[in-house]
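Here are my notes on the model you sent. Please read them beside the coordinates.

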Amino acid sequence: MATNLTAALKRTLGCEKDPELLQFIKRIEETENRFIALGRRMEKYATGTHKLAQKGETISSSLSACCSLLKSNDDVKTNFSKYGVHLSEIQLARTQLKEILQGTIAKDILAYARKCCEMRNKVLSCEDALRRKNQRASALQKAKNTTPVDPRKINEAHVKHEKAQFEADRAREDVDLEMKHFEEQKVTDLNRILANFLIAEMRFHAQALQRYTAAFKCLPLLRRIENEAVPKRNYDRGKKEKRISFNSSTEENSPVMGRAQERSSSSEDSRLSTSDLN
């Protein structure tokens, strides 16, 4: 009973809201909250990228300080210096990525909240137009039920009701079209923002891979230079002499050869001759 009375009172006062408009507002608020949360996370990601660039630059500076203390030839110092320069260029590229993330992508995401706010205001304006239409309809019905009947008031209430109804219908059509465009534009803007994010990331990783490759090429050159700096020892003569002495000792003093000679001598001593048979 109380529910029916409340519904009738809302209809009388023109406070009853359209369920579809309520659904529009709910979708707009969800989109706004999610884009704001995504923009905040993108800003945190950009801040983390900037901190990582600062730490990498600290490592590069420390490496340059170590290179200045090396007591080696100029080529080794030069390659160590190039290695540090490549690492420093990677940190510079990472800083540029941070500026793109924070200055372009995060702002584009957070700017979408303004579009959500504008769309919500349009839906609220449509609600106001519907509310005015209901109020004008109530005023017209009240003028018709008033006694004595006043045709002038009824005519004025009828004109106001028709005007409010026209404005409400036009506002509702506009909101339906705007809401459809809003949903389509949301997908388009999200695709554009994510594409820009991936392009920025791929550009940074391509530059970083190029610099890492150049830094890695300095390392074999360092090892080669160090190996050339160490004098080579000649072990060939000693090995040859050992091999010759080993062969001579094998031929003269081998126990196998001694046993073979004993066996051959014993076989000659035990051989019978024709004179022994006679």
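1. Ground rules. This is a predicted model: local features need pLDDT of at least 70, side-chain atom pairs count only at pLDDT 80 or more, and totals for chains, interfaces and linings use all residues. Residues are numbered from 1 along each chain as its sequence is written, and side-chain values use heavy atoms, without hydrogens or water.

2. Confidence. pLDDT is the predictor's confidence in each residue, from 0 to 100. The chain averages 78, and 71% of the residues score at least 70. Residues 238-253 fall below 50; beyond near neighbours in sequence, this stretch has three contacts in the model (contact: heavy atoms within 4.5 Å). Where pLDDT is low, the predicted coordinates should not be read in detail.

3. Core. A nonpolar core is a set of buried Ala, Val, Leu, Ile, Met, Phe, Trp, Tyr and Cys residues joined through side-chain atoms within 4.5 Å. Buried means under 20% relative accessible area, exposed over 50%, partly exposed in between (1.4 Å probe, protein chains only). The largest such core has 31 residues, and Leu 21, Ile 28, Val 123 and Phe 182 have the most contacts inside it. α2 (19-68), α3 (74-145) and α4 (151-229) each supply at least two of its residues. α3 gives the most, 15. Helices are DSSP runs (H or I, at least four residues), numbered from the N terminus.

4. Asp 18. This residue sits in the loop between α1 (2-13) and α2. Its relative accessibility is 23%, so Asp 18 counts as partly exposed. Leaving aside neighbours within four places in sequence, Asp 18 contacts Leu 130 and Arg 172.
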